[in-house]
Amino acid sequence: MSNSKKSELAGTDTPDRANTSQKQEQLEQFRSDATGQALRTNQGVKIADNQNTLKAGARGPSLLEDFIMREKITHFDHERIPERIVHARGAGAHGYFQVYECQSELTKAALFQDPGQKTPIFVRFSTVQGPRGSGDTVRDVRGFAIKFYTDEGNWDLVGNNMPVFFIQDAIKFPDFVHAVKPEPHNEIPTGGSAHDTFWDFVSLVPESAHMVLWTMSDRAIPVNFRSIQGFGIHTFRLINAEGKARFVKFHLKPLQGVRSLVWDEAQKLAGKDTDAHRRDLWEAIESGDYPEWEFGVQIVEEEDEHKFEFDLLDPTKIIPEEIVPVTPIGKLVLNRNPDSFFAETEQVAFCPAHIVPGIDFSNDPLLQGRLFSYTDTQISRLGGPNFHEIPINRPLAPNHNGQRDAQHRITIDKGRASYEPNSIDGGWPKETPPGAQDGGFETYHERIDAYKIRERSTSFSDHFSQATLFYNSLSEAEQQHVIDAYSFELGKVERLWIRERQVNEILANIDLELAAKVAANLGLPAPTAPTVPPKKLSIDKSPALSQVNLLSGKIKGFKVAILVADGVNADDVQTIQQALKAEGAHAKVLGPTSAPVQTADGKTLEVDASADGLPSVALDAVFVPGGAEAAKAFASSGTAKHYLYEAYKHLKAIALVGEAKDLLSVLQLDPDAGLLSGSDTKAVQKDFFTAIAQHRVWARIPKIKSIPA
Ligand code: HDD
């Protein structure tokens, strides 16, 4: 099937597109709705009996002749495809990208020109280590891959939620992945890096130090996909119509703010709701709370390439935002869930080599290797080289060429000439001259004058200074989380020499105090000096790196539990529900069971779930309405007390209203900036919302050690 009936004039066959619906219209041709339809075989034959195989007599052997049963079982037998080698677990959504202002000075790429145009996108978020069925909230990097269906072809930005990477050269990727994946002899652990082979590798490869620190930070346990940052990581190029190129780094900043779980919460949530992130994204979009990111670029003029304390081509380095600020140029909105997880989220195939005119690569050796790997992997994952014809992967721009055959070919190409040049089909399809007018892709004319050599540039050899910068930029609580994470992970490492090497040869070069604290938790002597001379950077801290500085200040998108029981005060419930809705937050009314409760004034109140069914770890804050009978029930309910203790321990905002105030003494908790009480909802609402927006009550930390939850 051809995806274009547009003009066949080379260079002018771009789709006519004013809004994002065009990708949806394209997908619509492939959607299938069985409502009101007869059950049929794949050949279209109506099925009369889908319960019984064809047998010789009711108790007799099954007959080979049963083509209906054989078709069904054969399809079933082949239903699985290889999962992604990395990033196997993920969730996706449709949406659009819109540029704020024309960026023609920066790039000729069509998607950055017209503020009135919305470019359709498909985004897939993922974890890296775990298989398809693994938990969402494990400590791991999150993938943030975006397919832009632009007028000029697909552009894939295949990034992560951390701005750097573990290795500097793609040739090390299989080694790294083999080390982090479950160990080969027993396939343990699933979805985590707390094991010997990972720490063996990273402690032997100091270039990983910076990224490993990021994975030991709160960034590796995001509260949901809606609140992660996205980074293109590598330095890319943007090129304008005059051929002027600039280096850029791509950034995505969530409007919801950047937020993370605490470790205990992440671990519990992995068990209580394996699908926590997938579910959150799905529910947010279904409820009309569309996640949004601001798309920005750090721009570096070509002549400034060597003005930095690090090499722009080194993917283990950031450009601190205090040195080159991020210029916001557009926004990304996710507003539609897929219809079929397999057809869309599983079959979407990203590749960093999918670029469009106006965007180009840099010589980052990690990026260069990626350009090859992704298409290659799709060939075994999706069964052949025609994966671009799968609806979710189809560009909106037409794609005519001589690549006609191979497995799963769908398009019926007309014409006899599957080669170019030809004189049989009028010479079509023809090349398009490069340049903004015509739109033929032209690689940036970079002059290269070098020997062929297998060598790492010496400008890639500083492995620790930016790790130190990141550690120094974190708040005290964030630093403690990093210490706890290294201690937890290395505590799972069986071989003492690996623990020692990580502490003495990696952590000691990042920060001696960090190394000493982790060493103490592992029962190791504290290292006394770094093993490589520290390199002093021009800045000591980058505030842009601490999540404490990346909150939105709003509670839009936050999820708040309202605990109810028989005898609850209906006014309190209704008032808080309305107030949360007005702020764009999501209220969840939770009862002792999933059955409705009776309010103090004798009415029936429906609940969204039982408190067991939606545990505190799945929500951001807890509200307990008044009502004498309900308060009594809470005071004697282990579930309710545990709910509150757990939320308290995880530094969440809690409001106790009316008679529920008594829970303070029952639980023996002291009020604080996030543990509030008042006579009615109105009395606590403002402070409660302020506390929720702060995300965590950090000042509570000294008190939580004794909490039994
Ligand atoms: Fe990769 C998938 C991100 C380095 C090889 N990678 C994959 C995905 C993301 C990233 C988000 C999932 C895409 C999806 O949702 O389908 N990868 C990165 C980033 C990297 C990186 C940000 C470094 C900056 N990757 C990297 C290297 C190689 C690969 C160096 C190989 C040389 N990556 C792959 C892959 C995957 C993949 C094996 C598995 C599934 C797929 O490609 O489609 O080819």
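**Entry 1: annotated positions**

I began with the UniProt record, an unreviewed entry, which lists H87 and N160 under "active site". I then checked how they sit in space. The two are spread over 74 residues of sequence, yet they cluster, with a largest C-alpha distance of 10.5 Å. I looked at the pockets next. Both H87 and N160 belong to the lining of the second largest pocket. I note that the model I am reading is a predicted one.

I placed H87 on the chain. H87 lies in the loop between α2 (67-77) and β1 (90-99).

I turned to the "binding site" annotation in the same record. The unreviewed UniProt entry gives R84, R124, F173, R370, Y374 and R381. I compared these with the pocket lining. R84, R124, F173, R370, Y374 and R381 are included in the lining of the second largest pocket. I located F173 in helix α3, which covers residues 173-180.

Which pocket does the ligand take up? I found the ligand in the space of the second largest pocket. I listed the elements that give two or more residues to the shell around the ligand: β3 (142-150), β4 (153-160) and α9 (365-381). I noted that α9 gives the most to this shell, with six residues.

I then looked at the residues of the shell. There are 21 residues around the ligand, and R84, R124, R370, Y374 and Q378 come nearest. I sorted the shell by class. I got ten nonpolar, eight polar and three charged residues.

Next I read off distances to side-chain N or O atoms. I kept three of them:

- R124: a side-chain N or O atom is 2.7 Å from an oxygen atom of the ligand.
- S373: a side-chain N or O atom is 3.2 Å from an oxygen atom of the ligand.
- Y374: a side-chain N or O atom is 2.7 Å from a nitrogen atom of the ligand.

I cross-checked with the record.

**Entry 2: the annotated domain**

I looked up the domain range. The unreviewed UniProt entry annotates residues 40-428 as "domain: Catalase core". I computed its content and end-to-end distance. The span is 20% helix and 19% strand, and its end C-alpha atoms lie 41 Å apart.

I followed some strand pairs. How many bridges join β7 to β8? I counted nine between strand β7 (residues 245-254) and strand β8 (residues 292-301), and the two run antiparallel. In this pair F247 stands opposite V300 in β8.

I went on from β8 to strand β9 (residues 327-336). β8 and β9 pair in the antiparallel sense over six bridges. Here V297 stands opposite T327 in β9.

**Entry 3: the six-stranded sheet**

I traced another sheet. It is an open sheet of six strands in the order β15-β12-β11-β16-β17-β18, with parallel pairing. Which strands stand at the edges? I found β15 (609-610) and β18 (675-678) there. Each has a single partner strand, so one side of each is left without a neighbour in the sheet.

Strand β12 (residues 586-591) pairs with β15 in the parallel sense over two bridges. Within this pair, G591 stands opposite S610 in β15.

Definitions and conventions. Residues are numbered from 1 along each chain as its sequence is written. This is a predicted model: local features need pLDDT of at least 70, side-chain atom pairs count only at pLDDT 80 or more; totals for chains, interfaces and linings use all residues. Side-chain values use heavy atoms; hydrogens and water are left out. A residue is near a molecule or strand if one of its heavy atoms lies within 4 Å of it. A polar contact is a pair of N or O atoms within 3.5 Å; within protein, one must be able to donate a hydrogen and the other to accept it, and residues adjacent in sequence count only if both atoms are side-chain atoms. On a 1 Å grid over the protein atoms alone, a cavity is a set of points where a 1.4 Å probe fits but cannot get out, and a pocket is an open set with protein on both sides within 12 Å along at least five of seven lines; lining residues have an atom within 4 Å of a point. A molecule sits in a cavity or pocket if more than half of its atoms lie within 2 Å of its grid points. Helices (H or I, at least four residues) and strands (E, at least two) are DSSP runs, numbered from the N terminus. Ala, Val, Leu, Ile, Met, Phe, Trp, Tyr, Cys and Pro count as nonpolar, Asp, Glu, Lys and Arg as charged, and the others, Gly among them, as polar. Two strands pair if DSSP finds at least two bridges between them. UniProt positions are given in the numbering used here, feature names are shortened, and annotations may be inferred rather than shown by experiment.
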